[in-house]
Amino acid sequence: MTHDFTWSDAPPGEVLDPVGIWIVRAPAGQRLPPDGSAPPWLDEKERSRLASIPQQSGRESYAFAHWALRSVLGSSLGCSPGSVGFLRQPCPGCGGAHGRPAIRSPAPDPAGEPLEFSMSHSGDHVAIAVAEATIGIDIESWPTPESVAGYLPFLHPREQQWLGGRAGDELVRDFARLWTRKEAMAKATGQGMAAVMNRLDLTGQPLGWRVRQLLAPPGYEASFAVPASVHVSVTVYEELPQPMPELART
Ligand SMILES: CC(C)(COP(=O)(O)OP(=O)(O)OC[C@H]1O[C@@H](n2cnc3c(N)ncnc32)[C@H](O)[C@@H]1OP(=O)(O)O)[C@@H](O)C(=O)NCCC(=O)NCCS
């Protein structure tokens with residue numbers, strides 16, 4: 001099932017940037033071979049990340065998220081999921097090789113806009129955003145109240161104040177919403193969470209950015225962030241262009 005929604009706060013006649021968002025659930029059942037071998041469509045870095053994940057359930061989630069990303073990008077770029085190549089941009093904070101992930105291959109069309117993307121996984125869900133503009137996306141399952149209490153002191157003082165009057169499910173839900181706004185910004189800028197944790201107040205719109213909440217499955221929250229100069233036309237999909245191969249077909 002696919003549902004589309006479009007929003008814009010652009011004046012009439014403003015050019016809208018198309019943004020595709022996929023919020024998809026991992027299929028039930030085992031998709032990875034029990035012998036620990038990696039599926040052929042993962043690259044070397046993905047294979048070594050996969051091998052470092054101790055539990056089978058974690059490996060299954062990682063593999064699904066990376067299939068989902070490859071499926072979406074392959075469909076956008078007109079190539080197979082396995083032939084998408086990735087690189088890491090330099091971190092804007094320290095210059096290290098852990099900034100925003102980007103597409104290395106296939107080579108971009110010199111006449112076209114570069115394709116940007118962002119990915120997030122939580123529980124059995126994956127969120128992927130694809131755009132011609134810088135974008136960051138995050139999805140989170142609702143945390144436990146204990147986890148909320150543990151992270152609260154590390155938020156921006158205005159965020160702590162904003163959450164301060166809440167309790168129970170309302171606190172957990174609004175904390176999760178705020179957190180996805182922070183992570184969406186952390187990924188859009190490429191700086192990671194340390195740069196936004198207590199330094200950026202996400203109860204409103206950060207200067208130069210537009211952060212939007214997405215309709216997420218029950219028990220989840222999701223948000224994305226784009227530069228404020230960009231006016232988006234968002235389409236949300238619930239199914240991948242190509243489903244993850246069954247174990248027998250990997
Ligand atoms: C990047 C970060 C916000 C991701 O959040 P998370 O809760 O761990 O995980 P999510 O599932 O939501 O997102 C993970 C995806 O974000 C993307 N990602 C990782 N680093 C990123 C960055 N710097 N910018 C944008 N996206 C990034 C990747 O696609 C990653 O997927 P993968 O781990 O399967 O390859 C978080 O891990 C973080 O802040 N890391 C610290 C980055 C760092 O070391 N900075 C040092 C600054 S000097």
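How many bridges pair strand 7 and strand 9 (residues 220–227), and in which sense? The first view answers this. Each view comes from a predicted model, where local features need pLDDT of at least 70, side-chain atom pairs count only at pLDDT 80 or more, and totals for chains, interfaces and linings use all residues. Residues are numbered from 1 along each chain as its sequence is written.

**View A. Strand 7 and strand 9 pair in the antiparallel sense over six bridges.** Strands here are DSSP runs of E of at least two residues, helices are runs of H or I of at least four, and both are numbered from the N terminus. Two strands pair if DSSP finds at least two bridges between them. Look for Gly136, which stands opposite Ala225 in strand 9.

**View B. Three strands form an open, antiparallel sheet in the order 7-9-8.** Strand 7 (136–141) and strand 8 (209–214) each have a single partner strand, so one side of each is left without a neighbour in the sheet.

**View C. Cys94, Ser120, Lys187, Gly192 and Met193 come nearest to the ligand, out of 21 residues around it.** A residue is near if its C-beta atom, placed from the backbone, lies within 6 Å. Strand 5 (116–122) and helix 5 (168–189) are the elements giving two or more residues to this shell, and strand 5 gives the most, with four.

**View D. Tyr151 is found in helix 3 (residues 145–151).** Tyr151 is partly exposed because 13 other C-beta atoms lie within 10 Å (20 or more would be buried, 12 or fewer exposed, with C-beta atoms placed from the backbone). Tyr151 and Thr189 are 38 residues apart in sequence and 22 Å apart in space, C-alpha to C-alpha.
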